[in-house]
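Here are my notes on the model, as numbered points. Please read them with the structure open.

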Amino acid sequence: MHQPQIVPHQSLYFPYQVYPAFVPSPSIVNRSPVAIVGAGPIGLMLALELARYGIRSTVLGAQQQVCEGSRAIVFTRRSMEIFQQVGVSGVVSEQGLPWRFGNSYYRGQRVFRMEAPVDEHDRFAPMTNLQQQYLEQHLVEAAQAQPLIELRWGNKVIDIEQGVDGAVLQVETPGDAYTLQADWVVAADGARSGLRSLLGLKLEGASYEGRFVIADIRIKLDLPTERLAFFDPAWNPGNTVLMHREPGDIWRIDYQLPVDETPEQALHPDSLRERIDAQLAMLGVENPVWELDWSSVYSARALTLAEYINHRVIFAGDAAHLLPIFGVRGANTGFQDCHDLGWKLALHIKGLAGAGLLASYSDERVKAAREIIEEAGKSTRFMAPPSRGYRLLRDAVLSLSLTREFVRPLYHWRTSRAHDYADSQLNAVNDDNQLFTGGPRNGAPLLNVRLAEQHYLFDELAPAYHLICFTDAAALDVEVVAQVQARRRQGLPIQVIAIAMNGVLQVQHADLTLTDCDNLFSTRYGVQHAGAAYLARPDQHVCARWLHLDGERLRHGLNQALGHNGSDRP
Amino acid sequence: MSQSMNVTDLERAYDRLAEAIDRTGNDSELFLVKLALLAAEALNDAERFDALIRCAGQDL
């Protein structure tokens, strides 16, 4: 029997709610097209993504409440754009704290200031801080309001058997155990993924020695919402300290531990108090009054599975990869996994995809993880040098940075961003991608465009392929329309957006006409002449673009984007 | 490759470096790494710097 904790977690700010456990009755449905193991942000996000395409899922959460502690607190603009698609960006924006500046200090001097670029055409700030419990709560509420999602709390998967066309899960509950058959299983069960262990799969990559305490305290500090990094502070020589503001006067303090200290020693209340007081004293806070909300110990790891699809089990988020927190790459990478996987799995289940579509999830996201690991390795080696050589170089840079400009960019660990699938198998091969002189290239996400006050292009994007046609005619090309209609008859969702140029107001056969006021769209998309078009996948990544689109070119582009990989059907 | 340093200049670099290492005492290793980074910046030639690292690593 599985007995989750039914006492609400303690928190200074978050009202934990214990959800009723699901226990099986003789009449339960024990089949699901998709079983999602894990009811954290990744599992719930994926369930919501699948539901957008009409796919039913069963989400199994081992616990009966949302996560303990604030955990992932920084969400990137790309994550916010993904949240928008599943309907939770509004509440996250309302509660969250937007920010764009990071400051690095050494010997009391600010030696580097990161400024994340902002663009008037982006709806969301570069970063938004919000405690993970709130995000999970909003995702739970969205899932509960979605009839295609069944959320089963207190259900722990203890075994799996994979067959040719599905898998059978053994599920324990606070009541009876039961079996659940699923055509597909998504492992969204986190860093210590039980499914990964059950299947005997091993992560590849490096673990770093440096350990950090993560502590959330409540204190009123008159500081802006900016990231603070302190290198080699007097109270923690040789080590690094990070601070972030969270909503509700909660501050995240991360500090690196001396090499020989155990997590138990580090989390002892006396140790926490002494060090947090020392950090606050360094900020000029005398006799600080604060309360501890949550603390944990973290060590940087940069690991990934080599394949994210194992027969009928698909891995996403921390179950698939463990990434260092520096650069906010954990949850933000997981959301991009969900956004890549959702539509592919949905179209595969509906029988609309070529053989290569679902496989491209693993190809694209494993590659993304490996690139992130490469980048994250650089920041981790700077934050917590793993060897004598790296420590010497890091210390030399700290010292030089007081007077020499040229080393200061080394403080800037690149933060998580939207991945660019430049060499995806889904990108068109014979389009005009290389002939464009501007705009998002194949693999990059679409660029948002501000249409009016609080109205953006991305607000209009449906769960569908997006065909964006730049035109100065009153109707779209007949052959293009015929191709779109033929695909729609097969069940493929395609949204046609016309960008009306040269004074045209309405374009026939488009689902939506947007006027190219002041050449806004054409400039951002590098379009010089009417007739050009972009094709974007349902996750908003461009997969083909043409200077002149016709029906045949669209047919080829869609075939490639559906994973038919060069074969000429349908 | 640029012309070789003349012996007078080389002797000067020899003495200055020795004196600086003595002066920086326990921090001489950090000093040398800082110097190497400054030299890399002044050299502004990543491949040549790689070659110098290989050269310095020989016959230790």
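Predicted model: local features only at pLDDT ≥ 70, side-chain atom pairs only at ≥ 80, totals over all residues.

1. Which residue of β15(A) is the bridge partner of A:F212? The partner is A:Q256.

2. A:F212 and A:Q256 make one of the pairs to look at around β15(A). Strand β12 (residues 204-218) of chain A is joined to β15(A) by seven bridges. These two strands run antiparallel. Strand β14 (residues 240-246) of chain A also pairs with β15(A). That pairing is antiparallel too, over six bridges. In β15(A), A:W251 is the residue opposite A:R245.

3. How many residues lie between β14(A) and β15(A) in their hairpin? There are three. A:G248 sits in this turn with a positive phi of about 80 degrees. Strand β15 itself (residues 250-256) is mostly covered. Of its seven residues, five are buried.

4. Next, the sheet with mixed pairing. Five strands of chain A form an open sheet in the order β24-β23-β22-β25-β26. The edges are β24 (512-515) and β26 (542-546) of chain A. Each has a single partner strand, so one side of each lacks a neighbour in the sheet. On average, neighbouring strands here are turned by 20 degrees against each other, direction ignored.

5. Within that sheet, take β22 (residues 465-471) and β23 (residues 494-500) of chain A. They run parallel and are joined by seven bridges. A:Y465 has A:I494 of β23(A) as its bridge partner. Helix α13 (residues 551-561) of chain A packs on the sheet. The helix touches β22, β25 (533-536) and β26 of chain A. The directions of α13 and β26(A) make about 165 degrees.

6. There is also a three-stranded open sheet in chain A, ordered β3-β7-β4, with antiparallel pairing. Why is one side of β3 (74-76) and of β4 (97-99) of chain A left without a neighbour in the sheet? Both stand at the edges, each with a single partner strand, so one side of each stays without a neighbour.

7. A:M127 in β7(A) is opposite A:W99. Helix α2 (residues 77-86) of chain A lies across β3 and β7 of chain A. This helix runs at about 80 degrees to β3(A).

8. Is A:H455 buried or exposed? A:H455 belongs to strand β21 (residues 455-456) of chain A. The residue has 11 other C-beta atoms within 10 Å, and 12 or fewer count as exposed, so A:H455 is exposed. A:H121 is 334 residues from A:H455 in sequence. In space the two are 9.8 Å apart, C-alpha to C-alpha.

9. Chain B has three helices and zero strands. From the N terminus its elements run α-α-α. Its C-alpha atoms fill a box of roughly 35 × 25 × 25 Å along the principal axes. Chain B has 60 residues, of which 5% count as buried. The average pLDDT of chain B is 95, and 95% of its residues score at least 70.

10. Now the contact between the chains. Chain A gives eight residues and chain B gives six. The chain B side divides into three nonpolar, no polar and three charged residues. For the model, ipTM is 0.94 and pTM is 0.95.

11. How do α10 (residues 388-401) of chain A and α2 (residues 28-43) of chain B pack? Their axes are 9 Å apart and meet at an angle of about 70 degrees. That angle makes α10(A) roughly perpendicular to α2(B). From α10(A), the contact uses A:L392, A:L393, A:D395, A:A396, A:S399 and A:L400. From α2(B) come B:E29, B:L30, B:V33, B:K34 and B:L37. By class, this helix contact has seven nonpolar, one polar and three charged residues.

Terms used:
Residues numbered from 1 in each chain as written. Chains lettered and ligands numbered in written order. Contact = placed C-beta atoms within 7 Å. Nonpolar A, V, L, I, M, F, W, Y, C, P; charged D, E, K, R; others polar. Axes fitted to C-alpha atoms, helices over the stretch in contact; angles between N-to-C directions. Helix = DSSP H or I, 4+ residues; strand = E, 2+ residues; numbered from the N terminus. Parallel < 35°, antiparallel > 145°, perpendicular 65-115°, else oblique. Pairing = 2+ DSSP bridges. Buried ≥ 20, exposed ≤ 12 C-beta atoms within 10 Å, placed from the backbone. pLDDT = per-residue confidence, 0-100.
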